[in-house]
Amino acid sequence: MWRRVASLSSLVSSSKSRILNQVGCGLNACQVFTTRVLNPAEGGVSDRRRIPFVTFVLGGPGSGKGTQCTKIVETFGLTHISAGDLLRKEISSNSENGSMILNTIKEGKIVPSEVTVKLIKKAIETSENDRFLIDGFPRSEENRIAYERVIGAEPDIVLFFDCPEQEMVKRVLNRNQGRIDDNIDTVKERLKVFAELNLPVIKHYSKKGKLYKIDGTGSEDEIFERVRPVFAALSVR
Ligand SMILES: Nc1ncnc2c1ncn2[C@@H]1O[C@H](COP(=O)(O)OP(=O)(O)O)[C@@H](O)[C@H]1O
Ligand SMILES: Nc1ccn([C@@H]2O[C@H](COP(=O)(O)OP(=O)(O)O)[C@@H](O)[C@H]2O)c(=O)n1
Ligand SMILES: [Mg+2]
């Protein structure tokens, strides 16, 4: 739950209220964001709804999402939530869904949204921060709709790292992190899944005016210089 009052820019605050108005907010959907905070104006404690500042970070496998998230965290202080890392932790902790998740990742397919959204919700709720980068999510319209239903809000902005397939394949095959899905067969399937299921999500946010498309080619530092102005303009630190 939220223990800290956010110091976001008025731009972000107004976009939050706009989102709340747009989406509507059933009690269940918003419970995750409800906390008791000191309300000095009224001299006591009151229930207030706090909506976190959320950036979705999208792009094909090997497009550099994780690498750029690390840099954004260092410079702007957001908390990085990697959907893939959460799922891999479920596998290594032998959770009830572990073997299903392992098989899905091996095949390059998408884990059911119910599982992934639950993990993301828990990561948000247990964080002290109220500004998040959600990396590798949503990967499908099903993911997107489940998130919006459970969390009760849309993301504030969406980054999309646009990278040629050939470059993504090269990076994945050189990643060297011992990942079960970093092989040519799985990466080919992942590219297909990206085109079929993730591109529609990117299109959705583009239509909503929330998408920042970033050229994902060049050095890590060059790419970060394209990302920096997005967060600098929002004054998220
Ligand atoms: N701009 C870049 N140029 C070359 N290699 C990169 C670049 N950005 C990231 N990498 C490397 O490519 C691999 C995939 O990057 P990663 O951040 O894990 O991508 P994603 O999370 O999108 O799959 C990693 O080994 C990373 O070190
Ligand atoms: N929202 C998500 C994110 C990842 N995943 C699974 O986890 C795998 C690895 O995701 P990742 O985000 O760590 O992969 P990269 O794009 O970073 O290489 C995906 O190929 C999916 O099988 C998922 O099912 N749903
Ligand atoms: Mg990654």
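Tutor: Happy to! Let's begin with confidence, since this is a predicted model. Average pLDDT for the chain is 84, and 78% of the residues reach at least 70. One stretch to treat with care is residues 1-49, where pLDDT stays under 50; the model still has 89 contacts beyond four places in sequence for that segment. For the complex, the predictor reports an ipTM of 0.99 together with a pTM of 0.85.

Now to the part itself, the site of ligand 2. The space that ligand 2 takes up is the largest pocket. Around ligand 2 there are 19 residues, and the closest of them are Lys 65, Arg 88, Lys 109, Val 111 and Arg 139. If you look for secondary structure in this shell, turn to helix α4, which spans residues 83-92: with 4 residues, it contributes the largest share.

From the side chain of Lys 65, a polar atom sits 2.7 Å from an oxygen atom of ligand 2. Arg 88 also uses its side chain, with a polar atom 2.8 Å from an oxygen atom of the ligand. Lys 109 approaches through its backbone instead: one of its N or O atoms lies 2.6 Å from an oxygen atom of ligand 2. As for how covered the ligand is, ligand 2 taken alone exposes 530 Å², and the protein buries 96% of that area.

Methods: Residues numbered from 1 in each chain as written. Chains lettered and ligands numbered in written order. Predicted model: local features only at pLDDT ≥ 70, side-chain atom pairs only at ≥ 80, totals over all residues. Heavy atoms only, no water. pLDDT = per-residue confidence, 0-100. Contact = heavy atoms within 4.5 Å. Near = heavy atom within 4 Å. Polar contact = N/O pair within 3.5 Å; in protein donor to acceptor, adjacent residues only side chain to side chain. Areas by Shrake-Rupley, 256 points an atom, 1.4 Å probe, with all protein chains shown as cover. 1 Å grid on protein atoms, 1.4 Å probe; cavity = no way out; pocket = protein on both sides within 12 Å on 5 of 7 lines; lining within 4 Å. Sits in = over half its atoms within 2 Å of the grid points. Helix = DSSP H or I, 4+ residues; strand = E, 2+ residues; numbered from the N terminus.
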